[in-house]
Amino acid sequence: MSDLTEKARELDAADDLAALRARFVLDETVYLDGNSLGALPAAVPGRMEDVVRRQWGALRIRSWDESGWWTAPERIGDRIAPLVGAAPGQIVVGDSTSVNVFKAVVAAVRMAARDGDGRDEILVDATTFPTDGYIAASAARMTGCTLRPVAPAEVPGALTGRTAAVLLNHVDYRTGRLHDLPGLTAAVRAAGAVAVWDLCHSAGALPVGLDTHGVDLAVGCTYKYLNGGPGAPAYLYVRRQVQDRFDSPLPGWNSHVEPFGMRSAYEPAAGAPRGRVGTPDILSMLALEAALEVWDGVSIDAVRAKSLALTDFFLECVTAYVPEGRVESLTPAAHAERGSQVALRCEGAGDVMRRLIASGVVGDFRPPDILRFGFTPLYVGFADAERAARVLAEVVA
């Protein structure tokens, strides 16, 4: 037995979160792709059986009231709120991340334009996930704004009196770099603009502190570290202090102050519900609600501590096992700059990942040469990290 194998056993034995693995449906595979799709929480299948057979099958239309379907978007939003540092009443669940990015960016431009100071520019993270860039470009065309891609670290120097909105990713999806949400939010606010944060790769993996840091608008998906399932609905955060100024570009009947009044004139509801659009996707939404129960009694600070320990240990094992020069870490070594994934540059990365998966280690590949390994502390252990590094060494040798 190697020293690192023994170290992994010791770390797992001392891990206060290790028992949480039993809350998921897992096998002997080392699953390091929770940053793309979280594992299935064990409570979800039984809950969905009830939703389908009793709530839909027996109660049918009555479930909108009797089973709480109508209030699900806000109720589930309040379950997510503590994981991103938000008080209740500020998050609504529904639609996809892309749709919510569109709502948030257009609303941010409208909020800035209300001040009447000629703001007609949107800054977007130059390294953003492509969809965010596409949506930002479309929002710019629709609002008559100029779109300017800027590296996150350069945003403070790029802000001008013309800047209306800034769309940023909390964690870079390719490299796992964690950006400075508090500092960048403060800079955007000081410039009179509105920041929109994409939390897809941070929510459920590390503390976010939306309320503490004065974030106005944020969006995120729920199928990664929140384990909501494929296609699970996304969420939209609107800070309480700006909710009365949130002017959605998608004013559907579900966000009307009187949804069943069927009035021709639109009047938005108060609070988080004004972020709703159409009929909620109840089946996937209630699967998400069941999935979020795995967080009962779990501290996001403890999750962050384990995440950093896991990624530190994985990098230690990679350094020890993988022949020098075969891989290069793109993920920052500094804890303050690291999310919950490790990205390794590797020649022939696509083939390497296929061979890893065939050997029971599941990560993913991003062109042209990046191996991504996502560490979900709720169910990934130190022995998993050690085994993944050992198999990687065998594959690239």
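Tutor: Start with the second largest pocket: its lining is His-170, Leu-178, His-179, Asp-180, Leu-181, Pro-182, Leu-206, Pro-207, Val-208, His-213, Arg-304 and Ala-336. The model is predicted, so local features need pLDDT of at least 70 and side-chain atom pairs pLDDT 80 or more, while totals for chains, interfaces and linings use all residues. Numbering runs from 1 along each chain as its sequence is written, and side-chain values use heavy atoms, without hydrogens or water.

A pocket here is an open set of points on a 1 Å grid over the protein atoms alone, where a 1.4 Å probe fits, with protein on both sides within 12 Å along at least five of seven lines; lining residues have an atom within 4 Å of a point. Seven of its lining residues are nonpolar, three polar and two charged (Ala, Val, Leu, Ile, Met, Phe, Trp, Tyr, Cys and Pro are nonpolar; Asp, Glu, Lys and Arg charged; the others, Gly among them, polar).

Now the largest pocket. It holds about 230 Å³. Its lining has 16 residues, with Phe-129, Cys-200, His-201, Tyr-223 and Lys-224 nearest the centre. By class the lining is five nonpolar, six polar and five charged.

Next, a sheet. Four strands form an open, antiparallel sheet in the order β11-β12-β15-β14 (a pair needs at least two DSSP bridges). β11 (327–329) and β14 (364–366) are the edge strands; each has a single partner, so one side of each lacks a neighbour in the sheet. Neighbouring strands are turned by 35 degrees on average, direction ignored. Three bridges join β11 to β12 (341–346). Ser-329 sits opposite Leu-344 of β12. Helix α11 (349–358) packs on this sheet and touches β12, β14 and β15 (370–374); contact means heavy atoms within 4.5 Å. The direction of α11 makes about 40 degrees with that of β15 (axes are fitted to C-alpha atoms, for helices over the stretch in contact; angles run from 0 to 180 degrees between N-to-C directions).

Last, a helix pair. α1 (3–13) packs with α10 (300–321) at about 170 degrees, axes 11 Å apart. That makes α1 roughly antiparallel to α10 (over 145 degrees). Leu-4, Thr-5, Lys-7, Ala-8 and Leu-11 of α1 meet Phe-313, Glu-316, Cys-317, Ala-320 and Tyr-321 of α10. This contact has seven nonpolar, one polar and two charged residues.

Notes. Points joined across faces, edges and corners; volume = space filled by probe spheres on them. Helix = DSSP H or I, 4+ residues; strand = E, 2+ residues; numbered from the N terminus. Parallel < 35°, antiparallel > 145°, perpendicular 65-115°, else oblique.
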